[in-house]
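Look at the model first, then read on.

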Amino acid sequence: MNRQIPSPYTLGDVALGVPCCVPEAHLQVKDVSVSYGGKKVLSNVSLDIYKGCITALIGPSGCGKTSFLSTLNLLTDHSENAHVTGQLLFDDQDLLRDPVDKLKLRRRIGMVFQNPNPFPLSIWRNLELPLKEHGVRDRKTRQVKIEQALKDVGLWDEVHDRLASPALALSGGQQQRLCIARALVLEPEILLMDEPCSALDPIASGVVEELILRLRGRYTVVIVTHNLAQARRLANYAGFFWMTERVGKLVEFGQCRNLFETPIHALTAAYISGAKG
Ligand SMILES: Nc1ncnc2c1ncn2[C@@H]1O[C@H](COP(=O)(O)OP(=O)(O)OP(=O)(O)O)[C@@H](O)[C@H]1O
């Protein structure tokens with residue numbers, strides 16, 4: 001079941017995975033709160049991230065979506081003033097309590113950021129570097145993985161004859177797909193995406209969106225987006241965050257269609273109708 005991509009963009013021949021059916025928790029978030037410098041910005045969030053599904057996180061600016069996303073692969077540890085409490089259950093481990101090898105964790109839970117941020121190296125080196133860092137020593141294996149990742153994001157046909165060219169010479173949309181390939185080349189189980197389309201023009205954004213849809217079933221995806229139409233197009237599950245007295249809270253979480261069509265909470269209804277936020 002391949003989706004048609006508008007010309008001139010093409011995506012690789014990737015099998016569209018099984019859409020989410022029986023939800024199985026891949027990552028369980030229990031009572032997670034985030035503070036910076038002692039000031040709480042996110043309070044007591046609990047939800048399950050379901051395997052093979054796309055979960056969209058929506059809500060107004062400043063309500064803690066990015067902070068929440070960053071806790072999921074412990075990126076918040078890089079902020080000296082950040083403090084996270086609660087439980088993050090992944091593969092029989094509580095990531096917030098048990099000793100965790102963060103390099104290994106980030107191979108399993110990858111992240112793509114808002115602004116495309118390729119390394120100032122060649123297209124090839126952008127993908128080779130993480131593989132080397134994660135101990136993939138065999139050259140041929142690296143070659144196979146790099147080619148596959150570029151095919152998965154639909155870049156292979158566009159760049160296979162200029163792999164030694166600087167990644168920064170690619171268009172913004174191509175750079176973002178390269179960054180997604182850089183995450184995928186490590187074969188993560190979960191991919192965290194922080195507004196991956198917001199810096200792109202509508203056509204490039206559409207291509208990245210199609211690509212994200214193709215990941216469904218093969219990967220568990222958590223995406224922060226301000227674009228409600230995009231959340232609705234992409235996600236199986238959605239969480240709506242809101243800020244009360246300057247602290248973010250999860251107001252509603254559930255199947256995306258239900259959240260948009262029959263929201264339970266009046267705030268959710270007001271936000272998605274545009275009356276609030
Ligand atoms: N490293 C940090 N140090 C101090 N405060 C921070 C830090 N990172 C985020 N914050 C604060 O935490 C709050 C939540 O920010 P966050 O970026 O998580 O929200 P958001 O919902 O993702 O916002 P946006 O949609 O604008 O990206 C904000 O008040 C922000 O200023």
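A residue counts as near a molecule if its C-beta atom, placed from the backbone, lies within 6 Å of that molecule. The model is predicted.

**Ligand shell**

Which residues surround the ligand? They are Tyr36, Val41, Gly59, Ser61, Gly62, Cys63, Gly64, Lys65, Thr66, Ser67, Ser79 and Asn81. By class, the shell holds three nonpolar, eight polar and one charged residues. Helix H1 (residues 65-71) supplies the largest share of this shell, with three residues.

**Helices H3 and H6**

Two packed helices are described by the angle between their axes and the distance between the axes. For helix H3 (residues 123-133) and helix H6 (residues 172-184), the angle is about 25 degrees and the axes are 9 Å apart. Angles under 35 degrees count as roughly parallel. H3 and H6 are therefore roughly parallel to each other. Their crossing is right-handed.

On the H3 side, the contact is made by Ile123, Asn126, Leu127 and Pro130. Leu178, Ala181 and Arg182 meet them from H6. This contact of H3 with H6 has five nonpolar, one polar and one charged residues.

Within H3, the buried residues are Ile123, Asn126, Leu127, Glu128 and Leu131. Their cover includes helix H4 (139-152), helix H5 (156-159) and H6. Just after H3 comes Gly135, with a positive phi of about 85 degrees.

Glu195 sits in the loop between strand S7 (190-194) and helix H7 (202-215).

| Residue | Other C-beta atoms within 10 Å | Class |
|---|---|---|
| His26 | 21 | buried |
| Asp31 | 11 | exposed |
| Glu195 | 19 | partly exposed |

Why does His26 count as buried? A residue is buried if 20 or more other C-beta atoms lie within 10 Å of its own. His26 has 21, so it is buried. Leaving aside neighbours within four places in sequence, its contacts are Ile49, Tyr50, Lys51, Glu189, Ile190 and Thr220. Gly173 lies 147 residues away from His26 along the chain, and their C-alpha atoms are separated by 29 Å.

Asp31 and Glu195 also deserve a look at the backbone. Asp31 is not a glycine, yet its phi is positive, near 55 degrees. Glu195 is not a glycine either, and its positive phi is about 45 degrees.

Notes: Residues numbered from 1 in each chain as written. Predicted model: local features only at pLDDT ≥ 70, side-chain atom pairs only at ≥ 80, totals over all residues. Axes fitted to C-alpha atoms, helices over the stretch in contact; angles between N-to-C directions. Helix = DSSP H or I, 4+ residues; strand = E, 2+ residues; numbered from the N terminus. Parallel < 35°, antiparallel > 145°, perpendicular 65-115°, else oblique. Left-handed = near helix turned anticlockwise from the far one by under 90°. Contact = placed C-beta atoms within 7 Å. Nonpolar A, V, L, I, M, F, W, Y, C, P; charged D, E, K, R; others polar. Buried ≥ 20, exposed ≤ 12 C-beta atoms within 10 Å, placed from the backbone.
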